[in-house]
Amino acid sequence: MQSFSLIPQFRRILKAHRLLAFLATSVLTALLVVLSLAAEAQQSAPEMPMLTSSEDVFEMEQKFAGEFATYFGQDLAEVTQGTEAIATTLGRIGAETGTRPAVLWVMPRPTHLHLVLTIANGETIIRDLFDVPQPKIVEVAKQFQQDLKIIRDDRYLETAQQLHEWLIEPFEAEFLEPEGIDTLLLCLGDGVRGLPISALHDGERFLVEKYSLTRIPAFNLIKTEYAAIAPGQILAMGASEFEEHSPLPAVPVELSRILWELRIATPDSEAWQGRSFLNQDFVLPTLNNLLSTQSFDIVHLATHAEFRPGVPKDSYIQFWDTRLTLDKMREVGWSTPPLELLVLSACNTALGDSKAELGFAGLALQAGVKSALASLWYVSDAGTLALMSEFYRQLPLSSTKAEALRQAQLRMLKGEVHFEGDALVISRGPIELPDTLSGNDGLDLTHPFYWSSFSMISSPW
């Protein structure tokens, strides 16, 4: 009988089994790697843009309107315009003012920065920056605000350029420049509402050197009727002495200069008219009485105003003997008929606090006025006098209020507005100052700390 061994066959079977096991393991490992990469890709993949149509922009406007309604505890305006209607309105006002306006919504979200641009009579463009989540832009915005307050150097440029890269560059070369856009209305979301937008920088120029700028609570929440700036009535009130605040020794000069600057820029037959009240005469009953018996175009309040964390009643405008809290603003009669411009010349805002910044951005909305001009931080008594003097010089010469502010800021930036000896020099010449305001030669008014704090709020027109 022929004999044979099973051992070689067993070894071949065992070897084949091991090979199959190795191949199976390799395939399984490769499959797990693929699944893992797919999962990571899904987690890091850009979210689909939430805004893809006019209806979605309408929903975004409703969101902003809801935030202000909740903060002020009342419905302040109805949202009726979507993208197409907004573009049409921009086209109409652009034709009336000789400008090219656009609206830019800036919405920080947990995972990305959402940007939407609408151009007059044009399209709506969406950009989502997934490398800029909300914590990242909020951190840079806070650093920017802090850097601007260090007047001795230009360390603010790094954050100014970073913010410009995120907010403006996604649209500038492709849309803003080809369309000749010269007016930007910025609707800023939570975390960036307190940005001094005029000081953003592209590496060569500040944003204010390229555009007239205004911050809006939402486009549907601003007044869009246009009337050319014409001689009218101005009410100027303020205080230079306070019990609980630092003095404002430049206020008497400020109140006298603003009406003077308005008058000399217009013919005698069409001169601005106005009334002025200082210190003990700067009281709320007088304001209410004047607004109920006379029609004013501008109310200028040269006094401390604080936009604080918390509810609207925690923020206020300081009168001689009392405070007008933000929740009581609508009880004042400046909205009947609607005031063209409310100016608060010595404001301070708790930057970085969402409630305080809501109050600042909603100032004109809550007061029921067309436009407001206020400062994000207190820049100094002398610096405020310089800005306000040049602003009222430019107002009769400009087609819009936002452009008048821009021209005043540009003249400070270029050194055309400065202190020289005992005089404040503005674009039309020197203004002699009293001895109490001497010693301001060292102020570097070209630094954005002095001019970027001031912001037009709501309508730029």
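These are my notebook entries on what I looked up in this predicted model.

**Ground rules**

I'm working with a predicted model, where local features need pLDDT of at least 70, side-chain atom pairs count only at pLDDT 80 or more, and totals for chains, interfaces and linings use all residues. Residues are numbered from 1 along each chain as its sequence is written, and side-chain values use heavy atoms, with hydrogens and water left out.

**Entry 1: the whole protein**

I started with the overall make-up and found 13 helices and 16 strands. Helices (H or I, at least four residues) and strands (E, at least two) are DSSP runs, numbered from the N terminus. Of the 461 residues, 54% count as buried. Buried means under 20% relative accessible area, exposed means over 50%, and partly exposed is in between (1.4 Å probe, protein chains only).

Next I looked at contacts, meaning heavy atoms within 4.5 Å. Among contacts between residues at least 6 apart in sequence, 74% join residues at least 24 apart.

**Entry 2: His245**

Where does His245 lie? I found it in the loop between strand E6 (233-238) and helix H7 (251-264). Buried or exposed? His245 counts as buried because its relative accessibility is 15%.

I then checked who touches His245. Leaving aside neighbours within four places in sequence, His245 is in contact with His304, Glu306, Tyr316, Gln318 and Arg323. With Tyr316 there is also a polar contact, side chain to side chain, at 3.1 Å. A polar contact is a pair of N or O atoms within 3.5 Å; within protein, one must be able to donate a hydrogen and the other to accept it, and residues adjacent in sequence count only if both atoms are side-chain atoms.

**Entry 3: helix H7**

I followed the chain on to H7, which has 14 residues. From first C-alpha to last, H7 reaches 20 Å, close to the 20 Å expected at 1.5 Å a residue. The expected span is 1.5 Å times one less than the number of residues. The buried residues of H7 include Val251, Leu255, Ile258 and Leu262, and also Glu254, Arg257 and Glu261.

**Entry 4: salt bridges**

Side chains of opposite charge can pair when their charged atoms come close. A salt bridge here is a side-chain nitrogen of Lys or Arg within 4 Å of a carboxyl oxygen of Asp or Glu. How many salt bridges are there by this rule? I get 17.

I looked up Glu179 with Arg100, whose closest N and O atoms are 2.9 Å apart. That pair links distant parts of the chain, 79 residues apart: Glu179 is in the loop between helix H6 (169-176) and strand E4 (183-188), and Arg100 is in the loop between helix H3 (83-97) and strand E1 (101-108). Glu179 is partly exposed at 36% relative accessibility, and so is Arg100 at 32%.

Arg323 lies in strand E10 (residues 323-325) and Glu244 in the loop between E6 and H7, so the pair ties together parts 79 residues apart in sequence. Arg323 is partly exposed at 34%, while Glu244 is exposed at 62%.

**Entry 5: Gly439**

My last stop was Gly439, in the loop between strand E15 (429-432) and helix H13 (448-451). Gly439 counts as exposed because its relative accessible area is 67%. Its C-alpha is 9.2 Å from that of Glu420, 19 residues away along the chain.
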